[in-house]
Amino acid sequence: ESMDQLLFHPKVVHLPMALAVLMPLIAGTGLFAIWRGWLDRRAWAGVVLLQAVLVGSGALAMNTGEREEERVEEVVAEAQIEAHEEAAEVFVWASGAVLLLAALPLVFRTGRAWQTASLGAFLGTLLVFGFGYRAGEAGGKLVYEHGAAQAYVGVGDASIRAADAEDGDSDSH
């Protein structure tokens with residue numbers, strides 16, 4: 001396993017977290033622009049697409065986290081990891097529920113049903129933001145308070161030492 005394969009989770013986790021922060025703004029702005037008549041209701045499809053990216057990237061982040069769990073359990077108490085894992089699951093499931101809710105306005109093209117579903121989806125993005133915050137906070141605690149990064153210290157050191165030896169710079173790390 002290369003270092004890149006081992007550290008894939010921290011690379012993927014930022015996209016769903018960023019989208020969780022942005023989706024209330026995007027959905028709210030889109031809803032307002034449609035309500036004001038500045039955008040056609042079909043523009044809501046962009047909100048649905050971005051919510052789908054959030055769900056997909058969240059599921060990928062969850063999967064990569066599960067793959068790295070055993071290695072991190074060598075350093076961090078299982079209870080701490082489970083707290084992050086459970087928060088991430090709630091976040092991804094809630095994101096999926098909001099995706100379904102956000103898709104409803106594409107089915108109900110007009111009227112009260114459209115308004116109710118799109119407003120519900122917007123409110124759902126606020127909830128998902130909160131769940132994302134909880135998952136991210138628990139993940140941050142794993143790394144910064146409980147030393148999860150220590151599970152990867154020393155991985156790749158042999159190649160670093162070999163490169164340093166070639167440069168004649170063995171004491172720089």
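This report looks at one helix and at the aromatic rings of a predicted model.

## Helix α5

Let's start with helix α5, which covers residues 78–107.

Which parts of the structure do the buried residues of α5 pack against? They pack against α2 (8–12), α3 (14–35), α4 (44–73) and α6 (111–144). Among these buried residues are Ile-81, Phe-91, Val-98 and Leu-99.

## Aromatic pairs

Now for the rings: the structure holds three aromatic pairs. One of them joins Phe-32 and Trp-35, with 5.7 Å from centre to centre and 45° between the planes, and this pair is tilted. Phe-32 and Trp-35 are three residues apart in helix α3, so about one helical turn separates them. Phe-32 is partly exposed, at 40% relative accessibility, while Trp-35 is exposed, at 65%.

Another pair is formed by Trp-44 and Trp-114. Their ring centres are 6.1 Å apart and their planes meet at 65°, which is over the 60 degrees needed, so this pair is edge-to-face. Because Trp-44 lies in helix α4 and Trp-114 in helix α6, the pair ties together parts that are 70 residues apart in sequence. Are these two residues buried or exposed? Trp-44 is buried, with a relative accessible area of 1%, and Trp-114 is buried at 4%.

Note on methods: Residues are numbered from 1 along each chain as its sequence is written. This is a predicted model: local features need pLDDT of at least 70, side-chain atom pairs count only at pLDDT 80 or more; totals for chains, interfaces and linings use all residues. Side-chain values use heavy atoms; hydrogens and water are left out. Helices (H or I, at least four residues) and strands (E, at least two) are DSSP runs, numbered from the N terminus. The expected span of a helix is 1.5 Å times one less than its number of residues. Buried means under 20% relative accessible area, exposed over 50%, partly exposed in between (1.4 Å probe, protein chains only). Contact means heavy atoms within 4.5 Å. Rings of Phe, Tyr and Trp (its six-membered ring) pair if their centres lie within 6.5 Å; planes under 30 degrees apart count as stacked, over 60 as edge-to-face and the rest as tilted.
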